[in-house]
Amino acid sequence: MSVLFGLLFIVGYVYLTHSDEALEQLIAQTFGALKFIVLSFLAIAATTIYQTKLYTEKPVFSAVLCAVSAFYVFSAIYLVEIEQAFCVFLFIAAAYLGMSIYLLWEQLKAPSAESRVESKQEAELTLESLEDFRKWFKDDSTIKNTEKLEPDLQVYAKRIADRLLKRGDQGGGQLKGAQHIALCGPFGCGKSSIVDSIASELAKSPKQSGEWIHSDISTWGAASGSVAHVVLSHIIDDISQHIDMCAFRALPKHYTEAMKVGGSFFQFASTLLAGPVDIEKRFKKLNDVLEATNHKLLITLQDVDRGTGDDNEKRLNDIAALLDRLKDRGLSHINFIIAMGNENEVAAEVISKATDYKEGVAAKDCYEYLSKYTKLCLESALRPNKGREIDSYKIAGGRGLLKLDSLNAGQRDSLSSELKRFEISISYINGSIASLRVLKKVLRRVEQIWQPGKLMGEVNFISLIMVTTFREVYPVQYARYQKLATKENQLLNRWSDPQSLKLKITDICKSNDDVQSELLTKFLEHMLRIDWRENDAESNSKQIVRDKLIDRGSIKESTASVIIESKDLKNIQLNPLRFEVDSSAIKSEKGSNNENLVMNPKFNYLQSVGCTNPAVNYLDRIQREQLQNTELSDQALIAKVIELRKSKDILEFLNKWLELDSDYRLGVERFFFIPHCCDDLSEGLVDFFESSSLDRGPNFQDFSKNCDIELSIVWLIAENLSLSNLYQVINFFFNSIEVNSPKSKTELGYVFYLLVTEMLDLMSDTSEPEIKRAFFRELNKAENEEAHMFFCLFLISCRGKYNFDVVSNSYKFDISSIKIAGESLNVILGVNSTERLEISINQDIKFDNALGLNKAIEKYIKPDFNR
């Protein structure tokens, strides 16, 4: 201001003396000096422009600058004959004009920025597409308008604003005066938006009752012991935009001391205001000024509980002490809102005691957001899109590959049915996310990973959200989990010891809050799909109950499932009037800790971090956010499983299976037991894998319960054996065993061993059927009736010459032309090739797991015996 007045005096002097020729030399010198003053003025102008946001609410300021600019332009034109004067006035005019244009531009930008924020916030109300979600969770800006707040947050904003305007409670007919209000809530719950909306509401209040000034202060990083000085310094800066506050500035000596200290802003401010300053007196004097000028001050202290250690505790105590000291000072025009988290109960209690009123912002229920986003992401992956490398992704669900509702509405493998099964998982995630800000952080990370070319279709979507939530909400516990679960996966495998795993999970989830530790333990166990079962004796008792229900006809064997929550089943009885278990007489035995860990590898196809297959680590995959160059894509592996199921016959299946290298086979095994992944049950072998109408036992679903892939393949072979392929299947095994590598030979030999000893029960488990001569010579023993019948069917399948002798009820085969893996059968059996081989069989023999062979007996064998 002094510089401006100085310029005005110089201008006046010029007007009075410029016509005096005797003073022409003096004028020249004067305007030479003015050039340096202009430079100083330009520096002041730059500083003013830097602080222009302080005056954007005062349009009259811009108008004054325009008027002064016009005055100087007129002066420059009037003094055009004096070159120095013309330049000076023109420079000054340009500076003023530049400031006025800048201010006007700032004023015009403010409404447009607000409109853009409002349009973004409106998208929050219509989250109907992934694009809507992306726009919504990428915007973390605070809301400054109460009407744009969510309905539950509007309640807090209106209630606090009303309390400030009415100066507290009106009970008893007496106003309380200025307010000290605590606003508590979890991180990201919207406290800042509530505070800004309150300030906006107060600014709209009638000016007659007082003009509100808002001073928003973050105490994060403020040194303990200097909080009061920092607060006062900020308040003075904010009020100075409305009132001249020079008298409240610290003395020059404090300024010099502050300059010596250096360091952060808070250290500077602390030293600047240190010394003989009496904080309470300053606030009292400040209150008098506000009252005299008809202003009211709202001070919002944010982040008061941020930070760790003793310094944070001291800072909280300083704030509480300041509020407590100011309570009895009659500060009618100075109000406080202290915004803080509610995670630290001690901190919340300290601030609560120092304030008059407390509002607690409830944790946000994010269930609907999570459910809707999950649905949209899965729909995006399933819906055909020609613009992607993979047109439509194959997403594994609990009942098979998911299908869009438009194609399979209401079916068990439809997307809507799967979303119902996700309800528990989404509830666990929702329980860990307390605010929309945290939800947005989680969804931004998930959106980054769930992309074509990254991990879309390569990891379970719910597992991805749970891991991301775990990482964002519980970083300390996640670091412990990460250490154990990546690389060799020391935490989880199919043979995990129950007690060891339980101790590891407890160690991972421990925190200072026992309740949080328990909730996090449940969260982690669900994420890993861990199922704790009772002791073996109880499991056996449950099996007895199940068998009784089946015998009574109350339930079908294929759907039998009895779930009893009691710890003791000794007294279980069947209620004869109802098809259920009567557990009224069950007594509970406490102290039994014999829990069994069930890590069912059947669900490895779900692609979750609970997968126990050693060939993949889904946590490692999620952390990389993409597949490694050497890693097999799950989409390719699922496609291979579909191809295997569509094999036209068992020989094509076995050939395709044998063609897979060991790594590829391990990957395929992970998805081998997907319940449903083909649309046409009549195509190839699909019916054997996916049909639910096979009421005989066992069936493919039975083997999938224990993920016994070798035994399931053996069952598949046995079920597909017939007179048309029996010779080819047996010959395939012996050919493959002889020509393949030792490893493949061992795998095939084991499958053949299971087929002969376990599934068809042709030999004892001590035999060696993979040895060709041992196998066929055992089949040729008449005392082994099942094996002898199998041998008879095998010889018929060879399509050699044979006849049935009615007198002896036996078959006579010419085996001279039959070869097994290139070797003649008569050589293998050690018999004369010129003689026919006689086979006497029992026509009543049936095979438990070879329906095709039983049909051959009925169609070809029994008619010969009944001639």
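Which charged end sits over the ring of Tyr-357? The charged end of Arg-163 does, 4.1 Å from the ring's centre; here a charge counts as over a ring if NZ of Lys or CZ of Arg is within 6 Å of the ring centre and within 35 degrees of the ring normal. Please keep in mind that this is a predicted model, where local features need pLDDT of at least 70 and side-chain atom pairs count only at pLDDT 80 or more, while totals for chains, interfaces and linings use all residues. Residues are numbered from 1 along each chain as its sequence is written, and side-chain values use heavy atoms, with hydrogens and water left out.

**Overall make-up**

- The chain holds 36 helices and 16 strands, taken as DSSP runs numbered from the N terminus (helices H or I, at least four residues; strands E, at least two).
- Of the 867 residues in the chain, 47% are buried, a term for under 20% relative accessible area, with exposed over 50% and partly exposed in between (1.4 Å probe, protein chains only).
- Among contacts (heavy atoms within 4.5 Å) with a separation of 6 or more, 69% come from residues 24 or more positions apart.

**Nonpolar cores**

- The largest nonpolar core has 155 residues, and Tyr-481, Phe-776 and Phe-790 have the most contacts inside it; such a core is a set of buried Ala, Val, Leu, Ile, Met, Phe, Trp, Tyr and Cys residues joined through side-chain atoms within 4.5 Å.
- Apart from it lies another core, of 35 residues, with Ile-243, Ile-279, Leu-297 and Ile-351 among them.
- Leaving aside residues up to four places away in sequence, Phe-776 touches Ile-730, Phe-734, Phe-791, Phe-794, Ile-820, Leu-825, Ile-828 and Leu-829.

**Aromatic pairs**

- The count comes to 35 aromatic pairs, where rings of Phe, Tyr and Trp (its six-membered ring) pair if their centres lie within 6.5 Å, and planes under 30 degrees apart count as stacked, over 60 as edge-to-face and the rest as tilted.
- Phe-672 and Phe-689 form an edge-to-face pair, at 5.8 Å centre to centre and 80° between the planes.
- This pair links distant parts of the chain, 17 residues apart: Phe-672 lies in the loop between helix H27 (662-671) and helix H28 (686-690), and Phe-689 in helix H28.
- Phe-672 is buried, at 2% relative accessible area, and Phe-689 is buried at 1%.
- Phe-734 and Phe-752 are also edge-to-face, because their ring centres are 5.1 Å apart and their planes stand at 70°.
- Ring pairs link a cluster made of Tyr-727, Phe-732, Phe-733, Phe-734, Phe-752, Phe-775, Phe-776, Phe-791 and Phe-794.

- The charged end of Arg-437 sits over the ring of Phe-187, 5.1 Å from its centre.

**Helix H36**

- H36 (residues 851-865) has 15 residues and reaches 20 Å from its first C-alpha to its last, close to the 21 Å expected at 1.5 Å a residue (1.5 Å times one less than the number of residues).
- At Ile-857, H36 bends by about 35°, the angle between axes fitted to the seven residues ending there and the seven starting there.
- Buried residues of H36 include Gly-852, Leu-853, Ile-857 and Phe-865.
- These buried residues of H36 pack against helix H30 (709-720), H31, helix H34 (785-797), strand E12 (802-805) and strand E13 (810-813).
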